[in-house]
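Reader: I have this one open on the screen and want to go through it side chain by side chain. Pick a place to start.

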Amino acid sequence: MAQVLFHITMSLDGFVAGPADDMSWLRGLPTGPNPVVERLLGELGAVVMGHNTYAPATTAEGEVYGGRVRVPVFVVTRDDPASAEPGFTFEPDLRTAVTSASSAAGNGCVAVLGPTTARRCLEAGLLDEVLVHVAPILLGDGVRLFDHPGGTQIRLQPVELSTAGGFGTFRYRVGSVVDSRA
């Protein structure tokens with residue numbers, strides 16, 4: 001059974017995109033080998049993303065992960081399936097997209113890309129793990145990693161904590177829901 005994992009890079013102050021979904025902040029950051037990323041790319045069997053993540057992925061790079069892996073990509077969107085780029089499958093329903101990606105991944109991993117899609121997966125009980133790379137930058141404003149005022153608290157269990165290339169890497173297993181009324 002495939003593990004469903006939210007994979008993202010965020011700023012130290014908790015933003016995954018700048019204002020208006022600007023991703024240019026990622027350019028110019030220190031880079032270097034990251035064993036956690038290399039291992040994930042070797043385990044990756046499919047990707048699920050939302051429409052907002054799909055547009056930059058197909059226009060800027062043409063592929064996910066800069067073309068370093070070639071796996072089926074399922075996009076949660078109501079767009080016409082016939083308009084999908086090769087290698088991308090459009091699904092109107094989140095659960096169907098995750099189920100299809102899990103089937104395609106086999107024993108591999110399904111990476112969920114995009115904060116809105118990840119939050120929806122978490123709320124639907126479809127997310128197994130969260131892998132966050134914390135970048136050495138403060139953005140001050142933008143799109144939060146998980147922004148859901150009044151949302152349910154969910155405990156995370158550490159799986160792996162490390163540093164590489166100037167980034168902190170934090171991998172957690174999605175744990176139990178915390179009753180905030182207690």
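Author: Start with R39, which is partly exposed at 35% relative accessibility. Buried means under 20% relative accessible area and exposed over 50%, with partly exposed in between; the probe is 1.4 Å and the area is taken over protein chains only.

Reader: Before that, what am I looking at, a predicted model or something else?

Author: A predicted model, in which local features need pLDDT of at least 70 and side-chain atom pairs count only at pLDDT 80 or more, while totals for chains, interfaces and linings use all residues. Residues are numbered from 1 along each chain as its sequence is written, and side-chain values use heavy atoms, with hydrogens and water left out.

Reader: Fine. What does R39 form a salt bridge with?

Author: With E160; the closest N and O atoms are 2.4 Å apart. A salt bridge here is a side-chain nitrogen of Lys or Arg within 4 Å of a carboxyl oxygen of Asp or Glu.

Reader: What caps the N-terminal end of α1?

Author: N34 does, with a side-chain oxygen 2.9 Å from the backbone nitrogen of V36.

Reader: Back to salt bridges. How many are there in the whole structure?

Author: The search finds five. One of them joins the side chains of E129 and R171, at 2.6 Å from N to O. E129 is in strand β7 (residues 129–135) and R171 in strand β10 (residues 167–178), so this pair ties together parts 42 residues apart in sequence.

Reader: Are those two, E129 and R171, buried or exposed?

Author: Both E129 and R171 are buried. For E129 the relative accessible area is 4%.

Reader: What about E129 and R173, what is the N to O distance there?

Author: That salt bridge is at 3.7 Å, N to O. It links distant parts of the chain, with E129 in β7 and R173 in β10, 44 residues apart. Salt bridges that share partners join E129, R171 and R173 into one network.

Reader: Change of topic. How many disulfides?

Author: The count is zero, where a disulfide is a pair of cysteine sulfur atoms within 2.5 Å. C109 is in none, and the nearest cysteine sulfur, that of C121, is 12 Å away. C121 is in no disulfide either, its nearest cysteine sulfur being that of C109.

Reader: Is C109 buried or exposed? Then C121, buried or exposed?

Author: C109 is buried, with a relative accessible area of 2%, and C121 is buried at 0%.

Reader: Aromatics next. How many aromatic pairs does the structure hold?

Author: Three. Y54 and F90 have ring centres 5.2 Å apart and planes at 85°, so the pair is edge-to-face. Y54 is in helix α2 and F90 in strand β5 (residues 88–91), 36 residues apart. For the rule: rings of Phe, Tyr and Trp (its six-membered ring) pair if their centres lie within 6.5 Å, and planes under 30 degrees apart count as stacked, over 60 as edge-to-face and the rest as tilted.

Reader: Which residues form one aromatic cluster?

Author: Y54, F88 and F90. Y54 and F90 are both buried.

Reader: Last thing. Which element has the lowest mean pLDDT?

Author: Helix α2 (residues 51–61), at 69, while helix α3 (residues 94–105) has the highest, at 97. The protein chain averages 89, and 93% of the residues score at least 70. pLDDT is the predictor's confidence in each residue, from 0 to 100.

Terms used: A polar contact is a pair of N or O atoms within 3.5 Å; within protein, one must be able to donate a hydrogen and the other to accept it, and residues adjacent in sequence count only if both atoms are side-chain atoms. Helices (H or I, at least four residues) and strands (E, at least two) are DSSP runs, numbered from the N terminus.
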